[in-house]
Amino acid sequence: MTETGDSAEPAADDAESSVWDGDGEAPGEGQNDGPQATTFAYFSLEGARFNGPGMPADSSREIGYYREAIYEVARQLYLERNEDRSNVPSGFEAAFDLRLTQVLPGSARPQLVLPRPKNIPNEIWDEWSGLYAEARDVLASSTRTAATRDTFPARIDTPRTRRAVKKVGSTLGSDETVVVGHPTVPQRRARLDTTVRDVLRRIDDDLAEPAKVLTRTITGVITEFDGVRRSFDLRTEELGIAKCILDPYDDALAEFTRTVLAADGVTAPDVSVEGETLDENRRPVRLHNVHTINIVRGLEEKALAARVVKLSELQDGWCGPNSLAPTADVLRNLEIVLTDLAALALPLDLIPGADGSVVIELRRGTAELSGVIEPAGAMTLIRDDVETDDLQEAVREFDAQSLIEFLRRGVIG
Amino acid sequence: MNNQHGSSSTEPETSAGAVGKPLNADDLVYRQVHPMHTRETAGGLSPEAFTPQRGHSNLLSTLHGRIGADAAFHRWTVEMQHESLGSFGVTAAEVSAVRVDPVQNQQTVDPTLNVYEDGASIGVPDHCSIDFNALTKGQRKQAARKLLDYALDRGGALNTPAEDEQAESA
């Protein structure tokens, strides 16, 4: 059985009656019967172990766990009503000074009262004590809900709350039960037997994602690379700079990272980086054990990339004796400009030269433009006007930016 | 061109040092065009098909037209196991007619092309070379574009299509 009453929503209408003002005799003192009107919460331990007088000393921890669970729910309720705040006000936790005054016979039933602190102004105490009482009832109803639906109500479903709630009853044996909740209304209590406690534990274990290693993929441009630490910065649009650490044993990946690095902080292909993180909400994002880096492509870029694959499949001698296939450095430089080439959205072609080069050809008006990416880091830019035969050419070191600019503007700068 | 090997004036030395024999103006030479020289995006062929490589001393390899377009294609694709779209032909006169922009302040020699039959000297029967050595890289590209235009004006691939290609076109 998981419920002690119906699932009516708890109310805080009895906050006044469930706290002690701290003057005079403490509630329950000198009495041996049921819960008092001024008792803050009902708490009963059931099982053979608790049939004797008082309460086993080693079960007193359960009161502390119950107090902690109520406090965490109260904290969440406070934050829910004060969206502009990231934490509860100073003194909010200390003021929840739940006290045990006596233990009633039968099942161990410690009397729990909540004295009003002297240093808290009345209007604040009214608010806080109301929240504590509401939290007590929300905790009971949420526990009943969790037991039947395997989930906590969203309003209090946080890792802190789940962790605190699953501790309640955690020291008890499988044949022992704790009943907690409203001091006088049985319908506002929850019964945590071993089955319910298992459900609470499982919910928290399933949702405790921050403790798990998560695989995450982020897209951006690599702007900094530290070869010694094997780490790099990935500039992303949504997450800012992500700190990434490479798989320490993957030398090829480290080399590839270097080739897709934006040396000028700008000119490099977008890459998707897959690695592991312990907390996906942390900023800056940190990815460990990065094991995959792929160049990200749009449709136009994919068409160009497919052509690059064909170029890379050529073998020396492909175009006759002594002809050379595109060299590794030529293909690497081509990969670097591929995203920008696609972004031009112009009908350009990638043609292999027989000397290991690749020619980017583009017709602009009457001009045929050739950007020749050559081995050993060289490039030649050629502008050939097919009507006038006016010819311009420049031989330079490979430079991605000036190559793209040449193709974009059609002039050799 | 100098003839340091004492050959007759009709067999001048090419810039690569091989002895070459000039062709008659109407003689055709066939160039094999690799499929990778197709412009997949813009359509047509790239002048790279007629651009020589430095590894060949900037000499563009062709075969003499007397063997026929089919034989030239066969030698290249069957005997030498290379890929080709077909035998593209230009005449010696067309080669000689190619003029390129002198590219101001960069040119020290006459930017013209020459074609020689040099098969005997390199051990490849019927081999002819079109000599681009006097040209800059840009000029070679422009000259190649003009040679390609001549070849395309002549109809492109001049060899008989393979049976499967004939079936496709039918």
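This is a predicted model: local features need pLDDT of at least 70, side-chain atom pairs count only at pLDDT 80 or more; totals for chains, interfaces and linings use all residues.
**Entry 1: chain make-up**

I began with chain A. I counted nine helices and 15 strands there. Of its 413 residues, 39% count as buried. I then looked at contacts in chain A with a separation of 6 or more. Residues 24 or more positions apart account for 62% of them.

Chain B came next. I found five helices and six strands. I read the order along the sequence as β-β-β-α-β-α-β-α-β-α-α. Chain B has 170 residues, and 45% of them count as buried. For contacts in chain B with a separation of 6 or more, the share from residues 24 or more positions apart is 65%.

**Entry 2: the five-stranded sheet of chain A**

In what order do the strands of the open sheet in chain A lie? I traced β11-β12-β13-β14-β15, with antiparallel pairing. β11 and β15 of chain A are at the edges. Each has a single partner strand, so one side of each lacks a neighbour in the sheet. From one strand to the next, the twist averages 20°.

I checked one pair in detail. β14(A) and β15(A) run antiparallel and are joined by seven bridges. In this pair I noted A:R383 opposite A:Q392 of β15(A).

**Entry 3: helices over the sheet**

Which helix of chain A lies across β12 and β13 of chain A? I found α8, residues 328-344. Helix α8 of chain A runs at about 135° to β13(A).

A helix from the other chain also lies on these strands. Helix α4 of chain B, residues 137-153, lies across β13, β14 and β15 of chain A. I read its angle to β14(A) as about 45°.

**Entry 4: where the chains touch**

How many residues of each chain take part in the contact between A and B? I got 27 residues of chain A in contact with 26 residues of chain B. I then listed the elements of chain A that give two or more residues to this side. They are β11 (349-352), β12 (358-364), β13 (367-374), β14 (378-385) and β15 (391-397). By class, the residues on the chain A side are 11 nonpolar, six polar and 10 charged.

I set this against the strand order from Entry 2. The strands listed for the contact are β11, β12, β13, β14 and β15 of chain A, and the open sheet is built from β11-β12-β13-β14-β15.

**Entry 5: α8 with α9 in chain A**

I followed α8(A) to its contact with helix α9 (residues 400-409) of chain A. Their axes come within 10 Å and cross at roughly 20°. The cut-off for roughly parallel is under 35 degrees. α8(A) is therefore roughly parallel to α9(A). I logged the crossing as right-handed.

From α8(A), the contact takes A:I336, A:V337, A:D340 and A:L344. From α9(A), it takes A:A400, A:L403, A:I404, A:L407 and A:R408. I sorted these residues by class.

**Entry 6: α1 with α4 in chain A**

Next I looked at helix α1 (residues 61-81) and helix α4 (residues 159-167) of chain A. They pack at an angle of about 155°, and their axes are 8 Å apart. Roughly antiparallel needs an angle over 145 degrees. α1(A) and α4(A) are therefore roughly antiparallel to each other. Is the crossing of α1(A) and α4(A) left-handed or right-handed? I found it left-handed.

On the α1(A) side I listed A:Y65, A:E68, A:A69, A:E72, A:V73 and A:Q76. They meet A:R160, A:T161, A:A164, A:V165 and A:K167 in α4(A). The residues of this contact divide into five nonpolar, two polar and four charged.

**Entry 7: two covered strands of chain A**

I checked burial in β3 (residues 109-113) of chain A. Five of its five residues are buried. A:R109, A:Q111 and A:V113 point one way, while A:P110 and A:L112 point the other way. β3(A) pairs with β2 (residues 99-104) of chain A in the antiparallel sense, over four bridges. A:R99 stands opposite A:V113 in β3(A).

Are the faces of β5 (residues 189-192) of chain A covered or open? I found both covered. A:R189 and A:R191 are buried on one side, and A:A190 and A:L192 on the other. β4 (residues 177-181) of chain A runs antiparallel to β5(A), with four bridges joining them. I noted A:V178 opposite A:L192 in β5(A).

Conventions. Residues are numbered from 1 along each chain as its sequence is written. Chains are lettered from A and ligands numbered from 1 in the order in which they are written. Two residues are in contact if their C-beta atoms, placed from the backbone, lie within 7 Å. Ala, Val, Leu, Ile, Met, Phe, Trp, Tyr, Cys and Pro count as nonpolar, Asp, Glu, Lys and Arg as charged, and the others, Gly among them, as polar. A residue is buried if 20 or more other C-beta atoms lie within 10 Å of its own, exposed if 12 or fewer, and partly exposed in between; C-beta atoms are placed from the backbone. Two strands pair if DSSP finds at least two bridges between them. Axes are lines fitted to C-alpha atoms, for helices over the stretch in contact, and angles run from 0 to 180 degrees between N-to-C directions. Angles under 35 degrees count as roughly parallel, over 145 as roughly antiparallel, 65 to 115 as roughly perpendicular and the rest as oblique. A crossing is left-handed if the near helix is turned anticlockwise from the far one by less than a right angle, and right-handed if clockwise.
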